[in-house]
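Please read them with the structure open beside you.

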Amino acid sequence: MKLQDKVCIVTGSASGIGLAIARRYISEGARIVIADLNKAAAETTAAELDATYPGRAIAVAMDVTSEEEVNAGIAEVIAAWGRIDVLVSNAGVQIVNPIEHYAFADWKKMLAIHLDGAFLTTRACLPHMYAQGSGAIVLMGSVHSKEASPLKSAYVTAKHGLLGLCRVIAKEGAAHGVRANVICPGFVRTPLVDKQIPEQAKELGISEEEVVRKVMLGQTVDGEFTTVEDVAEVALLFAGFGSNALTGQSLVVSHGWFME
Ligand code: NAD
């Protein structure tokens with residue numbers, strides 16, 4: 001058991017990648033906080049996990065862009081379990097549009113969810129990790145932390161920004177036993193990606209099949225989507241890594257789409 005009794009908060013874990021990480025962590029003995037904007041889905045998810053792993057999953061409703069909700073949510077976790085060992089800042093959305101048509105409100109919403117969300121959740125967790133002298137922060141980046149694609153100005157900007165935040169957390173956190181990493185997945189078939197397929201087809205003037213085959217998977221070595229389980233395995237590696245050797249690093253998980 002790599003995470004026996006560790007208290008792990010995963011934001012955006014009522015769906016997709018975050019849910020797979022929550023499942024993987026709990027299977028390794030973790031206590032899991034399903035922190036999500038969607039309260040009903042978070043509660044259903046936590047109840048499902050609790051049925052298999054009694055007493056090991058709770059739901060916390062939280063909009064990661066709200067300072068008050070994040071601070072209140074982290075306080076709930078401390079009240080329930082008294083410590084925080086791992087934060088996975090994963091909640092995210094996608095809005096695609098060419099820059100000249102990108103609404104300023106959408107730009108601000110994207111930066112708020114991806115960057116403010118990572119900052120606020122990290123800031124709320126660090127004092128508890130520092131007091132314990134240990135902890136791991138895992139930020140959900142993307143291949144778009146390293147590479148650009150048309151229509152994704154805000155997403156690419158925000159995901160690049162997470163690399164910088166991670167490096168600062170790693171440098172500040174080391175003295176307190178806290179590590180930080182970024183996971184950079186390629187395309188993973190989740191609701192976030194399914195929503196984009198018709199939107200990109202419309203914007204680019206191509207079929208949905210071409211969006212999948214050329215835009216999303218065209219640069220991979222095998223034409224395959226990355227899976228939620230692939231990403232969860234890397235999240236487990238970073239959460240449980242036994243030394244500072246990897247702190248500050250990011251890892252691309254993309255079937256060879258982006259190599260470095
Ligand atoms: P998803 O849509 O399946 O899940 C996202 C979850 O985040 C949902 O449960 C949603 O309710 C929650 N959420 C949205 N806004 C929130 C907010 N303000 N506060 C709290 N929770 C909020 O998406 P996913 O594909 O699993 O994406 C998860 C993360 O992975 C995102 O950061 C995304 O950018 C990143 N990512 C996804 C892919 C992919 O191909 N799916 C690739 C690279 C990176």
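1. The lining of the largest cavity divides into seven nonpolar residues, five polar and one charged, where Ala, Val, Leu, Ile, Met, Phe, Trp, Tyr, Cys and Pro count as nonpolar, Asp, Glu, Lys and Arg as charged, and the others, Gly among them, as polar. Of these 13 lining residues, Ser89, Asn90, Ala91, Ile113 and His114 are the closest to the centre of the largest cavity. Helix H4 (104-132), strand S5 (135-140) and helix H5 (153-173) each supply at least two residues of this lining, and the largest share, four residues, comes from H4. Helices (H or I, at least four residues) and strands (E, at least two) are DSSP runs numbered from the N terminus.

2. This is a predicted model, in which local features need pLDDT of at least 70 and side-chain atom pairs count only at pLDDT 80 or more, while totals for chains, interfaces and linings use all residues. Residues are numbered from 1 along each chain as its sequence is written, and side-chain values use heavy atoms, with hydrogens and water left out.

3. The largest cavity holds about 70 Å³ of space, and the largest pocket about 860 Å³. On a 1 Å grid over the protein atoms alone, a cavity is a set of points where a 1.4 Å probe fits but cannot get out, and a pocket is an open set with protein on both sides within 12 Å along at least five of seven lines; lining residues have an atom within 4 Å of a point.

4. The largest pocket is lined by 42 residues, and those nearest its centre are Asn90, Ala91, Gly92, Val93 and Leu192. Helix H6 (191-204) is among the elements that each supply at least two residues of the lining, and H6 gives the most, with five residues. By class, the lining of the largest pocket has 20 nonpolar, 16 polar and six charged residues.

5. Strand S2 (residues 31-36) and strand S3 (residues 57-61) pair in the parallel sense over five bridges, pairing being called if DSSP finds at least two bridges between two strands. Asp36 has Ala61 of S3 as its bridge partner.

6. Met62 lies in the loop between S3 and helix H3 (67-81), and Met62 counts as buried because its relative accessibility is 3%, buried meaning under 20% relative accessible area, exposed over 50% and partly exposed in between (1.4 Å probe, protein chains only). In H1 (residues 16-27), the buried residues include Ile17, Leu19 and Tyr25.

Methods: The expected span of a helix is 1.5 Å times one less than its number of residues. Grid points are joined across faces, edges and corners, and a volume is the space filled by probe spheres set on the points.
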